[in-house]
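Dear colleague,

Please find below the structure that I am handing over to you. My notes on what was found in it follow directly after.

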Amino acid sequence: MPLLHLSLPRHRLLLGRRRSLIAPPMHPPSRLSVRAAAAAVHEACALPFPPSHAPHHRELAAAVASVERACRLCVDVKATLLSNDRDKRRVVEKNDQTHVTTADFGVQALISFELQQLFPSIPLVAEEDSTFLRSPDADAGIVDSISSFVARNVSNNGSPLTHDDVLRAIDRGGREAVSFDSKPATYWILDPIDGTKGFLKGNDTLYVVGLALVVDGKLAVGVMGCPNWSDATTIGNKEHESAAACHGDGMLMVSHVGCGTWSRPLSAGIGQFTTPLDAWKRCSVDPCSVVHMACFCIVDSHTWDMMPLSAHFDSTMDESEPRDENKILLQNSCGGSLSKYLMVACGRMSVFILLARAAKLLKTWDHAVGVICVEEAGGQTCDWSGKPLDFAADRTGRRIIYPTGGILSTNAALHDKLVEMVSENYK
């Protein structure tokens, strides 16, 4: 693993005997507690493929356990937001006009803390930091609320977490926590909640907890938890075997390089965290090979006429409307970017297309886990020129990607044709 240049506050650094900087655990765990936690992860989070086939099996098992607990935290927070006016006021609008809630902060703290206990040398790149929470403008009770939700859901064999522990866990993923160089690196990428706007609506709009692991510069592991996925989440009346794992509410999707993408009901783990192996179903992208018969999805801030494919096709959102070779079926209301990748990976959608706009930088956490899940399910993802996404384009932060034109994620059967059509109409 290449050397990382940590730029944490002084109280978060220790000088090792060999004069290298390392970040200490918030509660230095004993060997016994670490071993117990690791054993619990392996026992509870049975994966659909053996460790002998998956070099990052331990990391994936830990990621599954953490994402499941994070999803339970989201469900808890959402229930209070819908029933408690005081908690509704604990929704923060960031400088980019997006929102962050106690669930976003709580998920980041929980996953950050748990991963650091098991993999203290692997840094975290994540969306949030504690700057607002430490400011005088923050609601006096918001840190109490975040800490309470984390304490109820986190796996912790040490001392109870303090408010400072929770804030430090959040900051472990912030932009000031770590600085990379140009060498291939190993690190986690976390989106605590992709689709916060949908999370706040209180309806069935999908939201996703997304966690990926990059190893030596390459995507290696991915986990997406979608707490409000259900059998009713269908597009174009499509039925697909790989999505049939979700008999109840909630879906967990996992991916490991070379081992495929798999899904199972999230409800099988929430509350008990034990999973029979037969709960897993292998995911595969849909087999559609005719462009105008494919199902497309875009984010809700985009319209079809913004897409280069609009030069070839009109669109309809009416599933019952007859289609010909000049019209495609479009869906644009199923949540953030990660829910679109999830749809493509499990075969519910054929294509996700996204326009990159100068006014809004594209963040790694909105795409990394989606890319590996689609690719391991048999699909492909690239920019509008046909080049793979470069998650190391932001050399020091690994927080931003710069795709040419935008992003195209498809099933394999349509990919080459769509890349040709997009690139010839993109200016």
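Two residues are said to be in contact, or to touch, when heavy atoms of theirs lie within 4.5 Å. Please bear in mind throughout that this is a predicted model.

I shall begin with the chain as a whole. It holds 10 helices and 21 strands. Of its 427 residues, 57% count as buried. The accessible surface comes to about 18100 Å², and carbon and sulfur atoms supply 50% of that area. Among contacts in the chain with a separation of 6 or more, 71% are between residues 24 or more positions apart.

The next point concerns one residue, Asp104, which is part of helix α4 (residues 102-118). Is Asp104 buried or exposed? Its relative accessible area is 1%, and the cut-off for a buried residue is under 20%, so Asp104 counts as buried. Leaving aside residues up to four places away in sequence, Asp104 touches Glu128, Pro192, Ile193 and Thr196. With Thr196 there is a polar contact between the two side chains, at 3.0 Å.

A second pair of helices is arranged at another angle. How do helix α8 (residues 337-345) and helix α9 (residues 368-376) cross? Their axes come within 9 Å, and the crossing angle is roughly 5 degrees. Because angles under 35 degrees count as roughly parallel, α8 is roughly parallel to α9. Leu338, Tyr341, Val344 and Ala345 are the residues of α8 in this contact, and they meet Val369, Gly370, Val371, Cys373 and Val374 of α9. The contact of α8 with α9 is made up of eight nonpolar residues and one polar residue, with no charged residue.

Both of these helices are well covered. In α8, nine of the nine residues are buried, so this helix is largely enclosed by the rest of the structure. Lys340 and Tyr341 are among the buried residues of α8. Helix α9 is mostly covered, with eight of its nine residues buried; these include Ile372, Cys373 and Glu376.

Gly347 follows α8 and has a positive phi, near 85 degrees. It is found in the loop between α8 and β17 (351-355), and Gly347 is buried, with a relative accessible area of 0%. The C-alpha atom of Gly347 is separated by 9.5 Å from that of Val374, although the two residues are 27 residues apart along the chain. Just after α9, Gly378 likewise takes a positive phi, of about 105 degrees.

With kind regards

Methods:
Residues are numbered from 1 along each chain as its sequence is written. This is a predicted model: local features need pLDDT of at least 70, side-chain atom pairs count only at pLDDT 80 or more; totals for chains, interfaces and linings use all residues. Side-chain values use heavy atoms; hydrogens and water are left out. Axes are lines fitted to C-alpha atoms, for helices over the stretch in contact, and angles run from 0 to 180 degrees between N-to-C directions. Helices (H or I, at least four residues) and strands (E, at least two) are DSSP runs, numbered from the N terminus. Angles under 35 degrees count as roughly parallel, over 145 as roughly antiparallel, 65 to 115 as roughly perpendicular and the rest as oblique. Ala, Val, Leu, Ile, Met, Phe, Trp, Tyr, Cys and Pro count as nonpolar, Asp, Glu, Lys and Arg as charged, and the others, Gly among them, as polar. Buried means under 20% relative accessible area, exposed over 50%, partly exposed in between (1.4 Å probe, protein chains only). Accessible areas come from the Shrake-Rupley method with a 1.4 Å probe; for residues, only the protein chains shown count as cover. A polar contact is a pair of N or O atoms within 3.5 Å; within protein, one must be able to donate a hydrogen and the other to accept it, and residues adjacent in sequence count only if both atoms are side-chain atoms.
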